[in-house]
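Hello,

Here is the structure I promised to pass on. Please have a look at it first, and then read my notes below.

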Amino acid sequence: MRYFFSAGEASGDLHAAQVICELRDIQPDAEITFLGGDEMAAAAGTQPLIHYRRMAYMGFIDVARHLPEVLGNLATAKKAIAESRPDAVVLVDYPGFNLKLAEYASSLGIPVHYYIAPKLWAWKEYRIKKLRRYVDRLYSILPFEPEWFGERGVKAEYVGNPSVEEVEAAIGDMPSREEFERQYGFDSRPILALVPGSRVGEIKANLPVMDAVARRHPEMQAVVAGAPSIDPEVYRQFTQFPVVESTTLRLMSHARAALVTSGTASLESALAGAPQVVCYRAVGWKWAHDLFMHILKIPYCSLPNLITGRIDRKAREEVNREATRTGVRGWIVPEMLVHNCTPDTVDAQLTPLLAETSERDAQLKGYEEVRRRLHTSASAARTVAESIAGIR
């Protein structure tokens with residue numbers, strides 16, 4: 001059996017690699033062609049057709065600046081699909097690019113499986129038409145998604161969340177705090193994890209704020225979580241704190257608290273038990289924040305808040321009214337977004353999390369609810385692999 005996988009960034013590379021491992025366990029002779037990274041290469045036993053470092057363009061401006069590369073990558077992928085005629089195309093997140101591959105594969109009569117459903121409940125709901133037309137099986141990793149997609153005529157299956165398994169595996173194989181300190185040369189002060197994202201633009205926007213906040217807390221040991229696709233010198237432009245690579249989950253597990261750029265890392269921090277403040281600076285203008293919140297159809301941006309709450313615009317309006325009335329946000333983790341993401345505002349949210357406070361206790365209790373809602377009895381990767389292989 002032949003399969004074509006497409007993942008366009010580091011998290012997708014990891015999640016796709018897990019599925020490939022399970023698929024090759026079911027079908028040892030499976031042939032895998034893929035767009036992705038080093039994790040998928042190790043799982044598939046072959047090199048990527050295109051490495052995700054050449055694909056990780058996000059947002060209109062970034063894509064426009066690299067349009068020739070984007071179009072070239074798309075042409076290469078289509079050519080590979082047409083020539084190999086795989087038994088299935090498996091797309092992992094990255095919807096701007098992958099939905100185009102879904103349309104092409106569907107036109108050739110090739111079954112399309114989509115793992116990690118696009119977050120259309122947040123924005124770009126118009127893409128639902130392409131999912132309905134071109135995707136045969138849609139796999140969700142957030143428990144509220146099947147209902148949302150079902151109401152719009154698309155069947156989605158909740159298969160569990162891979163971050164749960166990844167965090168459990170990292171913690172289960174985790175060195176002690178003393179061993180962790182010796183390995184990286186840290187001292188015994190409590191760790192403050194700085195997790196500024198996996199893209200250069202995110203790091204440039206958010207790490208300066210995180211660095212400024214961390215320098216206000218000399219009693220803490222600030223450590224930057226380095227992304228596997230980022231040159232360490234990028235971080236050196238914005239901070240002198242130590243950078244550790246490829247160990248974010250372990251860092252979070254040992255951290256007293258974390259400053260986290262909104263995204264999958266906010267969920268990982270919750271699962272690892274590190275109280276956090278979610279940061280998303282981008283540009284700092286208030287009008288950009290207002291536009292951002294107008295485009296979004298959800299009350300929150302971070303996954304812990306979304307998993308434990310409702311996701312429609314009405315919910316956001318209710319949250320905002322209650323916050324105006326009481327002065328208290330109804331979140332599990334505080335979200336400091338756009339112009340609200342400053343050293344002063346972030347530090348005001350972080351400081352109570354560093355001591356034994358009601359704020360810290362409330363966040364840790366909220367994390368228990370996150371884990372409960374995400375729980376499944378089977379591995380997400382195994383469930384997806386069995387579906388792709390046609391045995392469930």
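**What I found**

Phe149, Phe5 and Tyr115 touch the most other members of the largest nonpolar core, which has 96 residues. Apart from that core lies another of 26 residues, including Met210, Ile230, Cys279 and Cys341. A nonpolar core here is a set of buried Ala, Val, Leu, Ile, Met, Phe, Trp, Tyr and Cys residues joined through side-chain atoms within 4.5 Å. Buried means under 20% relative accessible area, exposed over 50%, and partly exposed in between, with a 1.4 Å probe and protein chains only.

Before going on, please note that this is a predicted model, in which local features need pLDDT of at least 70 and side-chain atom pairs count only at pLDDT 80 or more, while totals for chains, interfaces and linings use all residues. Residues are numbered from 1 along each chain as its sequence is written, and side-chain values use heavy atoms, with hydrogens and water left out.

As for the overall picture, the protein has 19 helices and 13 strands; these are DSSP runs (helices H or I, at least four residues; strands E, at least two), numbered from the N terminus. Buried residues account for 52% of the 392 residues. Of the contacts between residues at least 6 apart in sequence, 65% join residues at least 24 apart.

**Helices α13 and α18**

How do α13 and α18 pack, and at what angle? Helix α13 (residues 264-272) meets helix α18 (residues 358-374) at about 105°, and their axes are 9 Å apart. Axes are lines fitted to C-alpha atoms, for helices over the stretch in contact, and angles run from 0 to 180 degrees between N-to-C directions. The two helices are therefore roughly perpendicular (65 to 115 degrees; under 35 is roughly parallel, over 145 roughly antiparallel, and the rest oblique). On the α13 side the contact involves Leu267, Ser269, Ala270 and Leu271, and on the α18 side Tyr367, Val370, Arg371 and Leu374. Those residues divide into six nonpolar, one polar and one charged (Ala, Val, Leu, Ile, Met, Phe, Trp, Tyr, Cys and Pro count as nonpolar, Asp, Glu, Lys and Arg as charged, and the others, Gly among them, as polar).

Eight of the nine residues of α13 are buried, so this helix is largely enclosed by the rest of the structure. Glu268 is one of those buried residues. After α13 comes Gly273, with a positive phi near 80°.

**Buried polar side chains and cysteines**

- Asn305, in helix α15 (residues 303-307), is buried at 1% relative accessibility. Beyond its neighbours within four places in sequence, Asn305 contacts Tyr300, Trp331, Ile332, Val333 and Glu335.
- His113 belongs to strand β5 (residues 112-115) and is buried at 6%.
- Asn73 sits in helix α4 (residues 67-84) and is buried at 5%. Not counting residues up to four places away, Asn73 touches Ile50, Arg54, Met55 and Phe97.
- The structure holds zero disulfides (a disulfide is a pair of cysteine sulfur atoms within 2.5 Å). The sulfur of Cys341 has its closest cysteine sulfur in Cys279, 4.4 Å away, too far for a bond.

Best wishes

Notes:
Contact = heavy atoms within 4.5 Å.
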